[in-house]
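I opened my notebook to jot down what I looked up today.

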Amino acid sequence: MQDLKTIREEALSAARQAPSSRALYEVKMQYLGRGGAVTALLKGMKDVPPEQRPAFGKQVNDLRAALEAAFEEAEKALSARELGEKLAKEQEDVTMPGRKRAVGTLHPVTRMKNQLIDIFAGMGFEIFEGPEIENQYYNFTALNTPEDHPARDMQDTFYLSEEFLLRTQTSAGQIRLMEKKKPPIKMLCPGRVFRSDDDATHSPMFHQMEGLVVDRGVTLCDLQGMLDEFARVMFSEHSKTRLRPSYFPFTEPSVEVDVSCAACGGKGCPLCKGTGWIEVLGAGMVNRRVLENCGIDPDVYTGFAFGMGVERIAMLKYGINNIKLFTENDVRFLEQFKD
Ligand code: PHE
């Protein structure tokens, strides 16, 4: 009986002092668990004289019930306190605005490239891409620009070796395609080109879009008709084009193509420097020597080619005044080109 009293007092005091529900569980097991003190008392029942057993058994059962109740109460108090502490620690301000996830946009050059491809794909052009590292033959020689030809100085070339260079123009794609494919040809060759050139409107790396059409009876009129359509879709439905004589070794005749200024409608403004026209690309009838170099009979087939700067078209269309903006990756600039 003395044991029972001690056990009760110790157990109640341990339950009261348990610092956490985990610790309380340990205490509970010490008394009520399989190897616990109260369980041991029940097991020791056989040693109690038979006449005392009912009284002793009742005492032990009372003790167990009392401890169970005490543990349960302590458990309730502890878990309520623990929940309160947890909630206080994890408090969230549900009125706080969420973190914004920045959504990226396509680079304006990519957008312009896609737009150009859309326009010309709609006219039946197929895409052909050549390598950025070219040799002299594809970039110059086959394009009727033999060595020592002064036209090689028209573009300041980055040479990698005597033979290899970074292509200065997507025109190299004309040769690569015509070696593989015979007329009818309608090709669009987009890609990066490289020139040792650097100012507000020239960058050492920029993008070009080459067009090539070769078939029987293709004329300069076809070129202008197609470019008129391009200008209407790209700039404004009132846009017109104008051809001015020019020179490229791989076209004859060669032309510079101007588009009527969309900003002033051709009246003359600062953008077009008062002329009403803006130069957008170079073009011409494919030189018969170029066709011959690719095994295409120039007496049977004729063609036209054009090459435009993607950045230049984007600058005109969006009023961008410095080509460097395309490579600086300033999000304040890039962000403006969204759908
Ligand atoms: N390749 C020329 C340039 O880069 C542009 C061009 C292409 C001209 C096709 C005529 C025909 O300046």
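My entries on this structure follow below.

**Entry: the model.** I reminded myself that this is a predicted model.

**Entry: around the ligand.** I looked up who sits around the ligand and got 15 residues, of which Gln169, Ser171, Arg195, Gln208 and Glu210 come nearest. Sorted by class, that shell holds 5 nonpolar, 8 polar and 2 charged residues.

**Entry: polar atoms at the ligand.** Glutamine 169 has a side-chain N or O atom 2.9 Å from a nitrogen atom of the ligand. For serine 171, I found a polar side-chain atom 2.9 Å from a ligand nitrogen atom. Arginine 195 puts a polar side-chain atom 2.7 Å from an oxygen atom of the ligand. Then I checked the cover: the ligand taken alone exposes 320 Å², and the protein buries 92% of that.

**Entry: strands in the shell.** Which strands each supply at least two residues of the shell around the ligand? I noted strand E5 (205–215), strand E8 (277–286) and strand E9 (302–309). E9 gives the most, with 3 residues.

**Entry: the surface patch.** Ile133, Leu160 and Phe164 make a nonpolar surface patch of about 290 Å². Why can isoleucine 133 be called partly exposed? Its relative accessible area is 48%, and partly exposed covers the range between the buried cut-off, under 20%, and the exposed one, over 50%. A patch residue needs over 30%, so isoleucine 133 qualifies on that count with its 48%.

How values were computed
Residues numbered from 1 in each chain as written. Predicted model: local features only at pLDDT ≥ 70, side-chain atom pairs only at ≥ 80, totals over all residues. Heavy atoms only, no water. Patch = residues over 30% accessible without salt bridge, like charges linked within 9 Å, V, L, I, M, F, W, Y side chains within 5 Å. Areas by Shrake-Rupley, 256 points an atom, 1.4 Å probe, with all protein chains shown as cover. Salt bridge = Lys/Arg side-chain N within 4 Å of Asp/Glu carboxyl O. Buried < 20%, exposed > 50% of the residue type's maximum accessible area, 1.4 Å probe, protein only. Near = heavy atom within 4 Å. Polar contact = N/O pair within 3.5 Å; in protein donor to acceptor, adjacent residues only side chain to side chain. Helix = DSSP H or I, 4+ residues; strand = E, 2+ residues; numbered from the N terminus. Nonpolar A, V, L, I, M, F, W, Y, C, P; charged D, E, K, R; others polar.
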